[in-house]
Amino acid sequence: MLRSLLTVGSLAFLTWPLTAFAQTQAENTAAARSLGVSGIELADQGKCREAIEKLERAEALYHAPSILGRLGECQVNVGQIVVGTENLNRVVREQLAPNAPKAFKDAQARAQKALDAALPRIGHLTVVVEPKEANVSVTVSAVAVPSALLGVERPTDPGSHEVVASAPGYVTQRTTVVLAEAGRETVTLRLTLDPNAQKEVPPVAPVAAAPPPPPAAPPPESNQGKKTLAFVLIGTGVVGVATGSITGAMALSKKSDLDCPQNHCTGKEADKLDSARTMATISTIGFAVGIPAAAVGTVLLLTSGNNSSNAAKREPAKRFAASPYLGPTSAGVVGSFW
């Protein structure tokens, strides 16, 4: 039961947009039919200007050859021959289905007769504007004319037309031409420079900016900092070598006090051996750190000098030398300044 309800609900949900669309289409078709009937009745009464609005609305809602054909006829009757003949052409060229209503076929035949009578009445107007290099805009009866149609014949309704040509920097020119049915006219408009037009100022070339000044030279490295670091490293080296010497001597002392038959230590002797080994490791680390630190500090001390430009002569820098020693029962380091 639940599955059946879900199926019915799904179908209703899916078909709802189609139903709404069909409802809208039906309303549009009914409205177009009502407007079309009213428009045709007005056209039959000779009230084409009133009929055109209703027929245009009907055609916009729903296309029917019977509506578009009568719209084209009314447009021709009020002097809009160009647009009217285009609508009649659409009706004539439309491919009707074999089962199309008789009203559509009759409308197509009627449109052909109206078209044959209206086409010869169309006039042709040629608009020429000089100078040709001007960026011109042209209107005929307030309708813009594409630049592609300037200088060539343009199908135009018979009657009076105001032709206006304008372009930047030129005085606007206008004239009126009366075009007879099937007539051909050429209008030439010559534009003159507008003395009051603001002249275009040629663009000024940008002035090259002066190159930025070269960056200031970095200040000379202070030798005081080098000397300080040198003494710190030398001091570290002395401490490291001293530590290595002391712990090395302690390691040798502990090892000499061992009583281990056949080099096998047990009990307290084993503890003494571990302590000696620890001291030996610390001694090795002290020498490994102290000797390089002292060497680097000595190099820095020797290479640092006095950068003062006012100093006449530099005082020779003192040098420091250190060398470790390791004896059978002692170890240490010997250093000297010179």
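At 33% relative accessibility, T243 counts as partly exposed; buried means under 20% relative accessible area, exposed over 50%, and partly exposed in between (1.4 Å probe, protein chains only). The model is predicted, with pLDDT of at least 70 needed for local features and 80 or more for side-chain atom pairs, while totals for chains, interfaces and linings use all residues. Residues are numbered from 1 along each chain as its sequence is written, and side-chain values use heavy atoms, with hydrogens and water left out.

T243 is part of helix α6 (residues 223-256). Helices (H or I, at least four residues) and strands (E, at least two) are DSSP runs, numbered from the N terminus. From T243 to I282 the C-alpha distance is 7.8 Å, across 39 residues of sequence. T303 belongs to helix α7 (residues 268-303) and is exposed, with a relative accessible area of 52%. T303 and A230 are separated by 73 residues in sequence and by 9.9 Å in space, C-alpha to C-alpha.

## Packing of α3 and α5

Helix α3 (residues 65-77) packs with helix α5 (residues 102-118) at an angle of about 20°, and their axes are 8 Å apart. The angle makes α3 roughly parallel to α5. Angles under 35 degrees count as roughly parallel, over 145 as roughly antiparallel, 65 to 115 as roughly perpendicular and the rest as oblique. Axes are lines fitted to C-alpha atoms, for helices over the stretch in contact, and angles run from 0 to 180 degrees between N-to-C directions.

The crossing of α3 past α5 is left-handed, meaning that the near helix is turned anticlockwise from the far one by less than a right angle. On the α3 side, P65, S66, R70, E73 and V76 meet A103, F104, A107, R110, A114 and A118 of α5; contact means heavy atoms within 4.5 Å. The residues of this contact comprise seven nonpolar, one polar and three charged. Ala, Val, Leu, Ile, Met, Phe, Trp, Tyr, Cys and Pro count as nonpolar, Asp, Glu, Lys and Arg as charged, and the others, Gly among them, as polar.

## The four-stranded sheet

An open sheet is formed by four strands in the order β3-β2-β5-β6, with antiparallel pairing. Two strands pair if DSSP finds at least two bridges between them. At the edges lie β3 (143-145) and β6 (173-179), each pairing on one side only. On average, neighbouring strands of this sheet are turned by 25° against each other, direction ignored.

Strand β5 (residues 159-166) runs antiparallel to β6 and is joined to β6 by seven bridges. H161 stands opposite V177 in β6.
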